[in-house]
Amino acid sequence: LVIEMAADVSFALDNDEKERLRKQADMEVRRLNVELESRVLARTAELAAANMDLEAFAYSVSHDLRAPLRGIVGFSRILRDDYGDKVNEPGRHYLDRICHGAERMGALIDDLLMLSSAGRQSMQRAPVNLSEAAVEILNELLQGTQPRKIETRVAAGCVAMGDARLLHVLLQNLLQNAVKYSGKNPHALIEFGCESIDGAAVFHVRDNGAGFDMAHVDRLFLPFQRLHRADEFEGTGIGLATCARVVHRHGGKIWAESELGRGATFRFTLPAQ
């Protein structure tokens, strides 16, 4: 009997010690979770502040570079146009390179400012007729493509809730890319429309141009990432990053599907009307 009672007491003491250790472990886990959460919050705040500082710096630098760059472009053109006949062939070649480089830098600065403003400017949500905006943008883009023939198809009644200025930037970039990358197709076709996928409205811009390799699709919406060589298609690598920023600010998603030589389709979601 004494042996059995001693065993019971030993068992009870052992359980008590296990319970004490369990509670101690739970308290330590809770403490570590709280500490981890505080570290994550602090790190997130640091990253947000760093991103804001970086965007402010990029905006300031880009804005301040525009004035001297305009001078470089303007005086280079004057030299080339008014005094080109007084310069030998290598000199004219260098002037052409200066003008071309300055124009590319100007385009890059404009795109950087657009990318920055897409993440900084306040939003005013209202119903936006994307079909009308697409027609207007395509009419402007196609004025500079003559005598090249481009067929366009724009579905009617594509409406979404969002900021009209930002959504115009989104469509401008997507449609401009469609016009550019279908430039080598003698029968270019560009489409804008809307479809229902899993009950949600999904808008798309489709072309039958150069396309791209889907193996690199994860780089597509990152700044300064280009999937084509500069001698094939000019660009700064900022446009699609701006599109992604606009869509994400609206709470939507954007993705692309393509095949080399067979065009590309860009799809995005926006809040319903």
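Analyst: Start with the chain as a whole. In this predicted model, residues 24 or more positions apart account for 71% of the contacts with a separation of 6 or more. Leucine 167 and leucine 130 are 37 residues apart in sequence, and their C-alpha atoms are 8.0 Å apart in space. Leucine 167 sits in helix H4, residues 164–181. Its relative accessible area is 1%. The cut-off for buried is under 20%, so leucine 167 counts as buried. Beyond its neighbours within four places in sequence, leucine 167 contacts Val128, Leu130, Gly162, Val246, His250 and Leu270.

Now the core. The largest nonpolar core has 38 residues. Leu130, Leu175, Phe192, Phe266 and Phe268 have the most contacts inside this core. Elements giving two or more residues to this core include helix H3 (130–142), H4, helix H5 (239–249) and strand E7 (264–269). H4 gives the most, with eight residues. Phenylalanine 268 reaches several parts of the chain: leaving aside neighbours within four places in sequence, its contacts include Leu130, Leu170, Leu171, Leu174, Phe192, Val247 and Trp255. Another core lies apart from the largest one; it has five residues, among them Leu69, Val73, Ala102 and Ile109.

In soluble globular proteins, nonpolar side chains tend to be buried together.

The chain has five helices and seven strands. Their order from the N terminus is α-α-β-α-β-β-α-β-β-α-β-β. Of the 273 residues, 32% are buried. The accessible surface comes to about 17100 Å², and carbon and sulfur atoms hold 57% of that surface.

Terms used
Residues are numbered from 1 along each chain as its sequence is written. This is a predicted model: local features need pLDDT of at least 70, side-chain atom pairs count only at pLDDT 80 or more; totals for chains, interfaces and linings use all residues. Side-chain values use heavy atoms; hydrogens and water are left out. Helices (H or I, at least four residues) and strands (E, at least two) are DSSP runs, numbered from the N terminus. Buried means under 20% relative accessible area, exposed over 50%, partly exposed in between (1.4 Å probe, protein chains only). Contact means heavy atoms within 4.5 Å. Accessible areas come from the Shrake-Rupley method with a 1.4 Å probe; for residues, only the protein chains shown count as cover. A nonpolar core is a set of buried Ala, Val, Leu, Ile, Met, Phe, Trp, Tyr and Cys residues joined through side-chain atoms within 4.5 Å.
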